[in-house]
Amino acid sequence: MDTRELELFLQVVDSLSFSRAAERRHLSLSAVSRTIQRLEAAVGRRLFERDRRSVRLTDAGREFAVYARDAVAEWQRVRSELRLEGDALRGAVSVYCSVTASYSVLSPILERLRVQQPRIDILLHTGDQADGVDRVHGGLEDIAVAARPDQLPGRLDFLTLMHSPLVLVAPAFDCAVSEELEASGGDPASCPFITPERGVSKQRIDAWFRERGKRPRIYAQVAGHEAIASMVALGLGVGAVPELVLENFRYRERLRELERGEALGAFAIGLCSDRQRLESPLVAAFWEAATRSYSAVK
């Protein structure tokens, strides 16, 4: 079987959505359906039960998912070993991260890796960091730079590189949101909020509101902390971003800090990878470069 088909199958398994898998793999919905049909024909059993509202794995699908994960991981390992040339590693490592992390987190890792293993190529994909763990778990990436979730999927390892407090920010200029914040006595929970669509920061913000016994007035839900900072800088609401994003935000002067610390919590930011992919010499070399660059704290 084509490992690309197995990877697509695993994407459907992890998202339980044909349309979401199609979006993440940049394929049409019909292409995803045809691939699953080919796999079902090869296996001789239905892998999914699906209707208009839901997608569920069959017993055969669950068993096949175990095979698919092992097969994809083994292929990654063998492919990496076949690219060994003497003592030098040769090949590519796919890495997923946010735009901010691409230069604020990866820079020292890539500098060290370039010296130690100059023939390793980095395939860098950027997007919302909240998707990083899912992309690794779904077999789309070797490594992701992400915030550690409260519950890490069992097959994954996480290497903590740094901690970044979650910071509540508001516009630093006269606007309707600033006036409303002043009128409320400085209570940000009473102002329109720019919230993340998903991920660790959404969980933290939801908990922050629950502790105050209030329901958020959501102005917009967006993907990515950079987008949250931008919308706050436009005067559209208040929001929460990691200090790492705030420090690197281009229009930092348009934001003022309202709250940070224990109330909002801190992110453990680091690398996430599947344990079987870490058996690849290429992925292991990247992991080692990160460990040495940050003297990582687990």
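## The second largest cavity

Let's start inside the protein: Leu10, Arg69, Val72, Ala73, Val136, His137, Gly138, Gly139, Arg155, Asp274 and Arg277 line the second largest cavity. Helix 4 (59-82) and helix 7 are the elements that each give two or more residues to this lining, and helix 4 gives the most, with 3 residues. The volume of the second largest cavity is about 100 Å³, and its lining has 4 nonpolar, 3 polar and 4 charged residues.

On a 1 Å grid over the protein atoms alone, a cavity is a set of points where a 1.4 Å probe fits but cannot get out, while a pocket is an open set with protein on both sides within 12 Å along at least five of seven lines; lining residues have an atom within 4 Å of a point. Grid points are joined across faces, edges and corners, and a volume is the space filled by probe spheres set on the points. Ala, Val, Leu, Ile, Met, Phe, Trp, Tyr, Cys and Pro count as nonpolar, Asp, Glu, Lys and Arg as charged, and the others, Gly among them, as polar.

## About the model

This is a predicted model, in which local features need pLDDT of at least 70 and side-chain atom pairs count only at pLDDT 80 or more, whereas totals for chains, interfaces and linings use all residues. Residues are numbered from 1 along each chain as its sequence is written, and side-chain values use heavy atoms, with hydrogens and water left out.

The protein chain has 12 helices and 11 strands (DSSP runs numbered from the N terminus: H or I of at least four residues for helices, E of at least two for strands). Its C-alpha atoms fill a box of roughly 65 × 50 × 30 Å along the principal axes. Of the 298 residues, 50% are buried (under 20% relative accessible area with a 1.4 Å probe, protein chains only; exposed is over 50%, and partly exposed lies in between).

The whole structure holds 3 cavities of 30 Å³ or more, and the largest cavity contains about 160 Å³ of space. It is lined by 15 residues, with Ser98, Gln129, His225, Leu244 and Ile269 nearest its centre. Strand 5 gives the most to this lining, with 3 residues. By class, the lining of the largest cavity has 9 nonpolar, 5 polar and 1 charged residues.

His225 also belongs to helix 10 (residues 225-233), where His225, Ile228, Ala229, Met231, Val232 and Ala233 are buried. Just after helix 10, glycine 235 takes a positive phi of about 85 degrees.

## The largest pocket

The largest pocket has a volume of about 390 Å³. Among its 20 lining residues, Ala130, Val133, Asp134, Pro149 and Gly199 are the closest to its centre. Helix 7 gives the most to the lining of this pocket, with 3 residues. The lining divides into 7 nonpolar, 6 polar and 7 charged residues.
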